[in-house]
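Please look over the predicted model below.

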Amino acid sequence: MFGPPYSRARAFYAFVGLVAAIGRDHVQGWFGPDAPVKTAGGFSLLLGLFFYALWLAEIVPALTSGQMPKGAVETGLVTNPVHVLDVGIVLPAFIVGGVGLILRRPFAYWLVSVMLAFAVVMDVALVGMVLSMRVRGLAAGAPPLALFVAAVLITVAVLVWLLQHVRRNG
């Protein structure tokens, strides 16, 4: 993915350095005192918990019955890669960031902003997927388009509201 092993190590240490630098900086000072941190943090937390409930509602019954989850069967893989990435990385980031922002932890200002931007990109991709399914006549199994459009609009609104409170230096 990153080339030779030393490149992966550099990427890892660059990430560690970024997190350490954010930890030393007064990140809360980047935002005005009236920044909607509880709203943005609560929304991030809600997104994480909602999707955990959604994915676990599919995974847990399959595990208890000794069956493969429906999503894994549909992909033809041992596990559903979306579940693996979401449950292992994405959803914990939403939850940790949301709780951290509500508690006004420095890392969370950065993390929630990044995760909400990620959510917007993913929601727009899902809108495109549903539109593509409709064009190809596969809309019968597609989730409702309005759901993803609403998700895009709400997430953009929360992210813009938060970022409007970033102070401009100079």
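## A buried ring pair

Phe-31 has 6% relative accessibility, so this residue counts as buried. Tyr-109 is at 3%, under the 20% cut-off, and is therefore buried too.

A search of the whole structure finds three aromatic pairs. In one of them, the ring centres of Phe-31 and Tyr-109 are 5.1 Å apart. Their planes meet at 40°, so the pair is tilted. Phe-31 sits in the loop between helix 1 (5–24) and helix 2 (37–65). Tyr-109 belongs to helix 5 (residues 106–135). The pair therefore ties together parts that are 78 residues apart in sequence.

## A ring cluster

Phe-50 and Phe-51 also pair, with ring centres 5.1 Å apart. Here the planes stand at 85°, which is over 60, so the pair is edge-to-face. Phe-51 has 29% relative accessibility and therefore counts as partly exposed. Ring pairs join Phe-50, Phe-51 and Trp-55 into a cluster.

## Helix 6

Helix 6 (residues 145–163) has 19 residues. From first C-alpha to last, helix 6 reaches 27 Å, close to the 27 Å expected at 1.5 Å a residue.

Which residues of helix 6 are buried? They are Leu-145, Phe-148, Val-152, Thr-155, Val-158, Leu-159 and Leu-162. An α-helix has 3.6 residues a turn, so residues three or four places apart point the same way. What covers the buried residues of helix 6 includes helix 2 and helix 5.

How values were computed:
Residues numbered from 1 in each chain as written. Predicted model: local features only at pLDDT ≥ 70, side-chain atom pairs only at ≥ 80, totals over all residues. Heavy atoms only, no water. Phe/Tyr/Trp six-rings, centres within 6.5 Å; stacked < 30°, edge-to-face > 60°. Helix = DSSP H or I, 4+ residues; strand = E, 2+ residues; numbered from the N terminus. Buried < 20%, exposed > 50% of the residue type's maximum accessible area, 1.4 Å probe, protein only. Expected span 1.5 Å × (residues − 1). Contact = heavy atoms within 4.5 Å.
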